Amino acid sequence: MKLVKYLKPYWFFAVMTPLTMIGEVLIDLILPTLMSKIVDEGVLGHNFELILRTGLMMLGCAVIGGICGVGSSAFSGATSHSFSRDLRNDAFSKVMDLSFQQTDKFTTGSLVTRMTTDINLIQQFVDLVLRIFVRSFMMFAGGIIMMLRLNIDFGIVLVIALPIELIAMFIIVGKASPLFKTLQKKLDKVNSVVQENVSGARVVKAYVREDFETKRFSKANDDLTQTALKVQKTMAILGPILTIVLNISVVAIIFIGGEKIQAQASDMKIGSIMAAITYITQILHSITMVSMMFQSITRAKASAERINEILETEPEIISGKDKIDSIGEIEFENVDFYYPGFEGKTVINNLNLKIKKGENIAILGSTGSGKTSLINLIARFYDVSSGTLKIDGKDIREIDLNSLRDKISIVMQKTELFSGTVSSNLRWGNEEASEDEMKKAAEIAEAFEFIDNMPDKFEGYVAEKGASLSGGQKQRMSIARSILKKPDVLIFDDSTSALDLSTEARLRRKLFESMKGTTVITIAQRIASIKNCDRIAVIDDGNLVAIGTHDELLETSEVYRDIYESQTKKGDVVNA
Ligand code: M5T
Ligand code: MG
């Protein structure tokens with residue numbers, strides 16, 4: 001088990017758990033013998049002083065046992081909870097490092113199950129091993145020794161009862177084990193459906209797909225229940241078998257003991273019979289515990305494999321070593337790009353493009369032409385498939401990833417806001433930003449007014465994914481957030497699409513006035529949005545077909561002219 005290394009920092013607690021447990025078990029083992037002494041020598045021998053003395057001893061033992069018990073619970077809790085916390089942290093940061101592609105492959109639902117249920121199961125297992133494992137084995141061995149010490153004749157009961165119980169346990173647990181893995185998979189499915197529907201609740205409602213989705217959920221849920229029931233049914237047989245064996249054993253002990261007392265053949269006494277009954281219960285009980293542990297092992301093993309799958313996934317994007325503190329020139333050199341796993345389908349073809357520092361460049365192209373893919377390369381969400389992408393002459397793959405992304409702000413095509421206040425959302429990329437800076441950024445992004453009109457202004461609450469805002473408000477919030485980060489490169493991926501043209505024009509004018517020296521890359525569908533840019537790159541089906549100023553392109557590029565004309569006809573173009 002590779003996860004054992006997560007226990008290392010807590011080895012002290014881990015070792016203390018069984019040690020204190022030994023104390024508890026020893027006391028549990030001594031008590032019945034002391035009890036039998038009270039009965040046989042005290043009660044039957046009318047020795048009141050012995051009853052008192054032994055009774056006090058038992059009390060003392062019980063207190064010590066109790067302290068040991070509390071200690072071992074505390075130690076094992078400290079171990080298993082710290083263990084699971086570290087494991088969860090590591091798994092989480094791994095998930096953060098995965099590329100979009102890799103997270104998609106796991107599915108969000110499964111990642112959530114893995115991070116919660118699976119890790120909990122492993123934690124329970126650690127807890128169980130530390131406490132129950134030692135306890136049951138000591139109980140088992142100690143119980144046998146103590147019982148035989150009372151009277152060797154009780155051995156016959158053990159010889160018959162133990163094999164029956166052990167065999168029953170192995171058969172049944174063996175049968176249930178493979179089902180546990182299936183159980184986790186079914187749970188994944190349930191979580192996936194819940195996750196998808198909760199985050200997509202609006203669409204589900206809009207398409208009146210509640211019934212369909214509810215059915216889909218029911219199916220996943222029924223599947224889960226069925227598997228869980230199967231496990232339950234299999235395991236259910238075990239309980240009664242164990243109880244029957246125990247009851248027969250108890251009867252056998254009374255029978256054997258009674259016979260011996262009657263025949264006065266050995267020094268068998270009533271107290272010994274009572275103690276022997278307690279011991280056989282302890283012994284057989286310890287076997288039940290071990291069977292529970294086997295269950296837990298198989299479950300935890302399935303879970304551990306699933307966690308290892310996350311931990312062992314190599315991130316596709318590996319950070320380079322060179323830290324940078326600014327981004328100047330960005331240069332694409334013969335760049336080809338296809339999405340990993342889609343080798344045949346090139347999204348960007350032999351692209352050569354140099355973006356100068358402080359340039360204000362636009363990328364124009366029809367839907368699906370590869371614009372988003374192109375800028376994804378600049379933030380290194382993906383690596384180029386061939387060719388090189390250079391930042392100030394350095395291959396992007398040699399640059400420290402965090403220092404690179406620190407200098408880039410992207411306003412994504414699909415805005416992502418988080419639940420929290422307006423200010424926490426704006427400050428998300430730059431926690432140190434002052435109140436004034438924040439207001440200034442909102443002002444540039446044409447967001448100040450609507451924020452100021454909210455009842456709580458900058459402390460107003462934004463719902464999950466910004467659901468409480470209009471589409472254009474969301475876009476302006478995202479833009480303000482990106483400005484506040486004060487990047488060297490600012491990328492807008494179709495991020496003003498929900499704004500009316502005059503708001504957009506105002507926003508862009510303020511932006512360029514206040515962000516001089518910042519490279520701005522704007523993806524747009526509307527020529528009106530970008531006609532004042534220093535250069536406009538026209539992308540068609542992954543190819544850079546033309547580049548130049550608006551006026552140059554009108555002269556030279558047919559594609560551009562076509563787009564322009566189609567948009568002017570609709571009266572779409574206004575002067576920005
Ligand atoms: C360009 C494909 C997509 C399209 C082409 C994001 C993504 C895209 N594609 C994938 O195969 N996997 C992906 O994860 O790549 O897509 P784009 O770069 O997103 O196009 P765009 O930004 O120019 O389009 P739009 O509609 O945003 O203006 O064939 O299937
Ligand atoms: Mg796009």
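Guide: Start with a definition: a polar contact is a pair of N or O atoms within 3.5 Å. A backbone N or O atom of Gly368 lies 2.8 Å from an oxygen atom of ligand 1, so the pair falls within that cut-off. Keep in mind that this is a predicted model.

Visitor: Which side chains have a polar atom beside an oxygen atom of ligand 1?

Guide: Lys371 is one of them, with a polar side-chain atom 2.7 Å from an oxygen atom of ligand 1. Thr372 is another: an N or O atom in its side chain is 2.6 Å from a ligand oxygen. The protein buries 67% of the 620 Å² that ligand 1 exposes when taken alone. There are 13 residues around this ligand, and Thr367, Lys371, Thr372, Ser373 and Gln413 come nearest.

Visitor: Which residues are the protein donors of the magnesium ion?

Guide: They are Thr372, through OG1, and Gln413, through OE1, at 1.8 to 2.3 Å from the ion, which is ligand 2. This pair links distant parts of the chain, 41 residues apart: Thr372 belongs to helix α10, and Gln413 to the loop between β6 and β7.

Visitor: How many residues of α10 are buried?

Guide: Seven of its eight residues are buried, so the helix is mostly covered. They are Lys371, Ser373, Leu374, Ile375, Asn376, Leu377 and Ile378.

Visitor: Where do nonpolar residues gather in a protein?

Guide: In soluble globular proteins, nonpolar side chains tend to be buried together. Here the largest nonpolar core has 45 residues, and Met147, Ile253 and Ile280 touch the most other members. Helices α1, α4, α5, α7, α8 and α9 each supply at least two residues of this core. The helix that gives the most is α5, with 14 residues. A second, separate core has 35 residues, including Leu351, Ile399, Ile410 and Ile521.

Visitor: Which residues does Ile253 touch?

Guide: Leaving out residues up to four places away in sequence, Ile253 touches Met147, Phe154, Val157, Ile273, Ala276, Ile277 and Ile280.

Visitor: What can I look at in a buried residue with a polar side chain?

Guide: Look for its contacts. Thr113 is found in helix α4 and is buried, with a relative accessible area of 0%. A polar atom of its side chain lies 2.8 Å from the backbone oxygen of Gly109. Beyond four places in sequence, Thr113 touches Asp118, Leu187, Asp188, Asn191 and Arg306.

Conventions. Residues are numbered from 1 along each chain as its sequence is written. Chains are lettered from A and ligands numbered from 1 in the order in which they are written. This is a predicted model: local features need pLDDT of at least 70, side-chain atom pairs count only at pLDDT 80 or more; totals for chains, interfaces and linings use all residues. Side-chain values use heavy atoms; hydrogens and water are left out. Donors are N, O and S atoms within 2.8 Å of the metal (3.2 Å for Na, K and Ca); water is not among the atoms, so sites may look incomplete. Helices (H or I, at least four residues) and strands (E, at least two) are DSSP runs, numbered from the N terminus. A nonpolar core is a set of buried Ala, Val, Leu, Ile, Met, Phe, Trp, Tyr and Cys residues joined through side-chain atoms within 4.5 Å. Buried means under 20% relative accessible area, exposed over 50%, partly exposed in between (1.4 Å probe, protein chains only). Contact means heavy atoms within 4.5 Å. A residue is near a molecule or strand if one of its heavy atoms lies within 4 Å of it. A polar contact is a pair of N or O atoms within 3.5 Å; within protein, one must be able to donate a hydrogen and the other to accept it, and residues adjacent in sequence count only if both atoms are side-chain atoms. Accessible areas come from the Shrake-Rupley method with a 1.4 Å probe; for residues, only the protein chains shown count as cover.
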